[in-house]
Amino acid sequence: MAKRSDTQGRLDDAARAGWLYYVAGRTQDEIAAAMSISRQSAQRLVSLAVAERLIKVRLDHPIAACLELAEALRKKYDLKHVEVVPSDPAGVSSTVGIAEAGAAEIERWLKRPDPIVIAVGTGRTLKAAVDQLPPMECPQHRIVSLTGNIGPDGSAAFYNVIFSMADAIKARHFPMPLPVLCSSAEERETLHDQALVRSTLRLGAQADVTFVGIGELGPDGPLCVDGFLGKEEMLKLVQEGAAGEICGWVYDNQGRLLANSINDRVASVPIPPRETSSVIGIAQGRKKFQAISAALRGNIINGVITDEATAEQLLAR
């Protein structure tokens with residue numbers, strides 16, 4: 001790691017303190033404890049972050065350590081896009097920090113003047129990112145959902161993000177009018193053969209950029225918590241070697257989609273080709289580490305937005 005100058009190091013510390021204060025919502029006492037400094041030093045660093053205009057709506061100073069981690073991840077996994085945000089040592093949220101970074105990246109794509117297709121998955125982290133988007137008018141773009149928007153009880157799936165995006169931006173939206181999981185492979189084939197669904201499948205395959213959440217497996221995983229899979233079904237998946245899921249597609253530790261009855265029932269649009277689409281996963285944390293690592297190893301995604309702690313763990317593996 002390159003040696004930092006005193007000025008650069010202080011700006012890094014100010015940026016970190018500013019992030020903890022304004023993004024993570026920590027008090028100055030909590031910042032002091034997290035950074036092993038006095039409360040007065042924490043206060044001065046937060047003030048410096050403001051004086052140097054590092055603090056806007058989003059953090060406007062790339063912390064050197066985060067940049068180095070991002071570059072190392074890019075090289076290790078041959079990624080198109082990497083962003084690493086500071087970790088909050090005392091944080092309990094699985095979305096703070098990466099949601100803001102995800103929103104900034106989505107916004108950058110939306111600001112492009114030429115028409116593009118943006119595909120979006122589902123999940124808590126992705127919804128938190130979309131909820132950060134400012135109002136925008138993007139009539140030149142098309143937004144397509146990769147996942148069905150109908151929950152297991154027939155209601156609208158709560159963490160489907162395309163409707164949240166519709167509230168924030170003015171662009172043509174293409175929801176997937178299907179359940180997340182069909183009752184059988186035959187039902188999926190029947191539904192996918194409908195004209196409206198076929199057009200959405202074609203559009204998803206043309207995506208220029210794709211944003212997805214990454215789900216861990218187990219009784220506390222999203223597929224189980226949200227009622228799409230029963231506990232016994234989930235435990236069987238784990239026993240068969242499943243490591244994570246993206247848009248309902250379940251994969252093993254090497255990032256290979258499993259040939260099983262669950263994937264046969266997934267109604268989602270296939271994840272767009274990585275050769276033609278930037279597929280960016282937004283996730284962080286110990287619970288999701290196995291799922292993130294496998295997705296990167298198998299090239300299911302070719303971009304990632306995560307935090308320092310997760311990045312360090314990915315590089316150590």
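The questions that follow set computed values against their definitions.

This is a predicted model, in which local features need pLDDT of at least 70 and side-chain atom pairs count only at pLDDT 80 or more, while totals for chains, interfaces and linings use all residues. Residues are numbered from 1 along each chain as its sequence is written, and side-chain values use heavy atoms, with hydrogens and water left out.

Q: Why is Ser164 called buried?
A: Buried means under 20% relative accessible area, exposed over 50% and partly exposed in between, with a 1.4 Å probe and protein chains only; Ser164 has 15% relative accessibility and therefore counts as buried. Across the protein chain, buried residues make up 53% of the 317 residues.

Q: What is Ser164 in contact with, leaving aside its neighbours within four places in sequence?
A: With contact taken as heavy atoms within 4.5 Å, Ser164 touches Lys127, Val130 and Asp131. Ser164 itself is found in helix 7, residues 162-168, where helices are DSSP runs of H or I with at least four residues, and strands are runs of E with at least two, numbered from the N terminus. The protein chain has 14 helices and nine strands.

Q: How does the radius of gyration of the protein chain compare with that of a compact globule?
A: The radius is taken over C-alpha atoms, and the globule rule is 2.2 Å times the number of residues to the power 0.38. For 317 residues a compact globule would have a radius of gyration near 20 Å, and the protein chain has 20 Å, so the two agree.
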